[in-house]
Amino acid sequence: MATPLLQVCNLVVEFPTRRGTLTAVDDISFDIAEGEVLGVVGESGAGKSMTGAAVIGLLEPPGRIASGEILLEGRRIDNLPYEKMRRIRGREIGAIFQDPLTSLNPLYSIGRQLTETIMTHTDMTPTQARARAVELLAEVGIPAPERRVDQYPHQFSGGMRQRVVIALALCVNPRLIIADEPTTALDVSIQAQIIALLKRLCREHGTAVMLVTHDMGVIAETADRVAVMYAGRIAEIGPVREVIKNAKHPYTHGLMGSIPAIGHDADRLEQIPGSMPRLTDIPRGCAFNPRCLHAFDRCRQDRPELIAVEDGQVSCWLYDTSAGRTTAEAKAIVASRSGTAMERADG
Amino acid sequence: MAEAAKIHDPAASGTVLKVAGLKRYFDVSAPWLNRVLERQPRQILKAVDGIDLEIARGETFGLVGESGCGKSTVARLIVGLHGPTAGSIELEGRNIAGLSRKQMGPVRRRLQMIFQDPYASLNPRWRVRDIVAEPIRAFGLAADKAAVDRRVGELLEQVRLNPRDGEKFPHEFSGGQRQRISIARALASNPEFLVCDEPTSALDVSVQAQILNLMRDLQRDLGLTYLFISHNLAVVYHISNRVGVMYLGKMVEQAPAKTLFTTPRHPYTRLLLDTIPDLDMTGRERTPVGGEVPNPITPPPGCSFHPRCPFATERCRAEMPQPLAMPGGATVACHGVEEGRVPDGPVLAAPAAPKGVTSVHAPE
């Protein structure tokens with residue numbers, strides 16, 4: 001296989017505070033192939049947005065990359081000087097953030113923001129850049145783009161603004177887009193439009209996407225592979241269908257059971273006891289062990305590494321081959337968590 | 001059989017809340033001088049424009065819709081945080097619409113609300129025990145301080161918190177725990193009816209599951225009736241007995257939860273159901289329905305959904321549809337359904353075969 005587009009190796013993101021250093025992202029590794037959509041899910045505080053910010057070089061100080069490497073097409077980009085990183089941002093890596101209103105400057109017209117970005121990264125003339133801006137607005141499905149291009153962000157609705165933000169991210173054909181909760185601020189019917197648009201454009205342009213979201217439904221529809229994060233670490237990573245239908249990590253398994261679904265008539269939802277640990281007191285060993293129904297001594301002592309299981313990887317000692325357990329046995333243990341799990345499976 | 005029917009038949013257990021022709025308009029006009037100088041007309045926002053609903057004792061009525069459809073205004077009208085422009089709200093047969101503050105007092109004891117944001121709805125300077133004790137003191141429900149403390153401890157246990165947590169301040173709790181505190185406060189006055197406005201929208205899914213399970217348990221133990229407002233259809237499906245769908249201040253469809261989700265009739269309900277991303281839909285290509293919710297200040301004439309509706313005709317553009325009773329306890333406000341122009345056919349297959357979820361059809 002060729003070099004993946006993006007490689008993240010042993011990334012650690014730290015926040016030095018007065019009360020000690022907080023580790024927001026703790027030694028994670030993954031990669032994204034060209035044209036692939038990688039979903040990154042997790043609950044608040046899992047470190048998913050931090051990972052995205054680290055890749056694009058927009059960690060808010062005092063946050064910093066403490067160790068690890070980020071490679072774009074084999075070149076390291078995590079240690080570049082600010083100016084060089086600025087050239088990569090926009091041209092090679094685009095970004096879409098949650099709130100379309102704060103990603104756009106309210107004082108500049110949409111057209112000016114688009115042409116400015118295009119001219120920064122290419123050597124188009126202002127006339128060419130403007131023509132390209134109109135073309136982009138048409139591409140993201142904004143009606144009457146010739147007229148809309150001179151309007152200001154407040155004249156656009158939420159869904160339309162997010163389309164503009166997508167146009168901004170795509171305007172110089174980046175290789176990779178970091179989309180951090182791109183549909184969270186939108187209503188469901190608009191959300192569907194935005195997902196469809198993002199999928200279509202990325203396929204047409206061959207752009208890879210790192211899609212950060214807490215919404216499993218969005219991931220299910222959009223991503224090729226998914227990484228599930230918990231307390232700054234990757235719990236499980238694999239093809240999206242595998243992770244959703246055939247979750248291996250006890251956390252993923254519990255998470256899937258806790259999502260209410262139309263058509264599932266369970267009286268009670270499966271629930272994971274407790275809540276995510278604070279960054280100040282992440283437990284020893286596996287970060288999930290105090291909430292895990294299957295934790296044993298080793299889970300409380302040693303932190304599990306990602307172990308290749310079937311098509312994916314999972315960081316759980318149950319799947320450690322030295323214990324002499326087969327994958328099927330380990331999965332049976334995870335699935336045996338409660339009666340509700342069985343009821344759900346039976347419909 | 002008779003016994004079972006009694007439990008499940010809402011009519012037998014009686015109606016707790018009955019809302020008829022409820023309207024709330026907001027005047028959003030520019031100041032008088034601007035209107036005169038710039039010759040602007042008055043602008044009226046019809047946030048809630050004539051809705052009817054009935055909620056039976058012990059049941060959960062789910063209210064869904066996209067932002068700006070008026071569902072939160074309905075919640076605020078029912079608990080009396082807004083006065084209605086027109087219409088009646090009957091709580092156990094007594095009209096509580098437009099009561100004075102003083103008259104509303106005893107009603108409030110029986111009618112409590114849980115808000116969306118557990119970070120904004122708890123006073124950060126109060127200890128949890130004071131937050132939970134406030135309704136007990138306000139309604140004089142306990143004889144002395146010891147009784148108040150006992151009751152607060154009881155309530156905290158009821159929502160699966162430790163009675164000792166009462167000494168802490170809200171900032172020491174996570175979002176899910178704060179929502180438990182809000183629930184304890186709402187239960188403090190022994191209400192019969194809870195209005196829950198997006199109670200789990202600010203929470204992570206695993207915490208949402210804990211809160212939904214807790215609400216189910218409390219409903220069973222205390223015989224509570226819920227009005228549950230959410231934009232999340234799956235949550236509403238999970239928790240509700242009956243569901244109402246709102247669009248631009250109007251109720252477009254109302255039906256038992258199962259019926260609504262298996263055989264949605266109104267084109268808007270179908271659009272909503274068709275657009276929710278589902279775990280079973282990996283890799284599915286969808287054709288999203290275009291358009292957005294129009295500006296509620298200038299809603300389209302006739303049926304307000306017609307600009308986005310694939311079945312719209314001249315009549316839809318001119319005449320406002322009225323709610324029409326359908327078999328199976330549903331009510332639909334749609335000319336197309338009335339005239340039989342909107343083809344029916346299940347959108348969801350039977351719950352026993354979750355595979356069928358993928359077969360959501362796009363109306364041709």
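Predicted model: local features only at pLDDT ≥ 70, side-chain atom pairs only at ≥ 80, totals over all residues.
Within helix 1 of chain A lies A:Gly52, which counts as buried with 21 C-beta neighbours inside 10 Å. When residues up to four places away in sequence are not counted, A:Gly52 touches A:Ile178, A:Asp180, A:Met210 and A:Val212. A:Ile178 is 126 residues from A:Gly52 along the chain, yet the C-alpha atoms of the two are separated by 6.4 Å. In the loop between helix 1 and strand 4 (64-72) of chain A is A:Pro62. A cis peptide bond, with omega of about 5 degrees, joins A:Pro61 and A:Pro62.

A pair of helices in chain A was also examined. Helix 4 (residues 110-121) and helix 5 (residues 126-139) of chain A have axes that come within 9 Å and cross at roughly 120 degrees. Helix 4 of chain A is therefore oblique to helix 5 of chain A, and the crossing of helix 4 with helix 5 of chain A is right-handed. On the side of helix 4 of chain A, the contact is made by A:Gly111, A:Leu114, A:Thr115, A:Ile118 and A:Met119. Helix 5 of chain A contributes A:Pro126, A:Ala129, A:Arg130, A:Arg132, A:Ala133 and A:Leu136. By class, this contact of helix 4 with helix 5 of chain A comprises seven nonpolar, two polar and two charged residues.

Chain B contains 14 helices and twelve strands. Of its 364 residues, 45% count as buried. Among contacts in chain B with a separation of 6 or more, 66% are accounted for by residues 24 or more positions apart.

Eight strands of chain B form an open sheet with mixed pairing, in the order 6-7-8-3-9-10-12-11. Strand 6 (111-114) and strand 11 (324-326) of chain B stand at the edges; each has a single partner strand, so one side of each is left without a neighbour in the sheet. From one strand to the next, the twist averages 20 degrees.

Strands 9 and 10 of chain B form a hairpin with two residues between the strands, in which B:Leu248 takes a positive phi near 50 degrees. Helix 12 (residues 267-275) of chain B lies across strand 9 (242-247) and strand 10 (250-256) of chain B, at about 100 degrees to strand 9.

Positive phi values also occur in loop residues other than glycine. A:Glu310, with phi near 45 degrees, lies in the loop between strand 11 (307-309) and strand 12 (312-314) of chain A. This residue, A:Glu310, is partly exposed, having 14 other C-beta atoms within 10 Å. In chain B, B:Glu92 has a positive phi of about 50 degrees and is placed in the loop between strand 4 (86-91) and strand 5 (94-95). B:Glu92 is likewise partly exposed, with 15 other C-beta atoms within 10 Å.

Between the chains, 39 residues of chain A are in contact with 39 residues of chain B. The elements giving two or more residues to the chain A side are helix 8 (188-205), helix 9 (216-222), helix 10 (240-245) and helix 11 (250-257) of chain A. Helix 8 of chain A gives the most to this side, with seven residues. By class, the chain A side that touches chain B divides into 17 nonpolar, 14 polar and eight charged residues.

How values were computed. Residues numbered from 1 in each chain as written. Chains lettered and ligands numbered in written order. Contact = placed C-beta atoms within 7 Å. Helix = DSSP H or I, 4+ residues; strand = E, 2+ residues; numbered from the N terminus. Nonpolar A, V, L, I, M, F, W, Y, C, P; charged D, E, K, R; others polar. Pairing = 2+ DSSP bridges. Axes fitted to C-alpha atoms, helices over the stretch in contact; angles between N-to-C directions. Parallel < 35°, antiparallel > 145°, perpendicular 65-115°, else oblique. Left-handed = near helix turned anticlockwise from the far one by under 90°. Buried ≥ 20, exposed ≤ 12 C-beta atoms within 10 Å, placed from the backbone.
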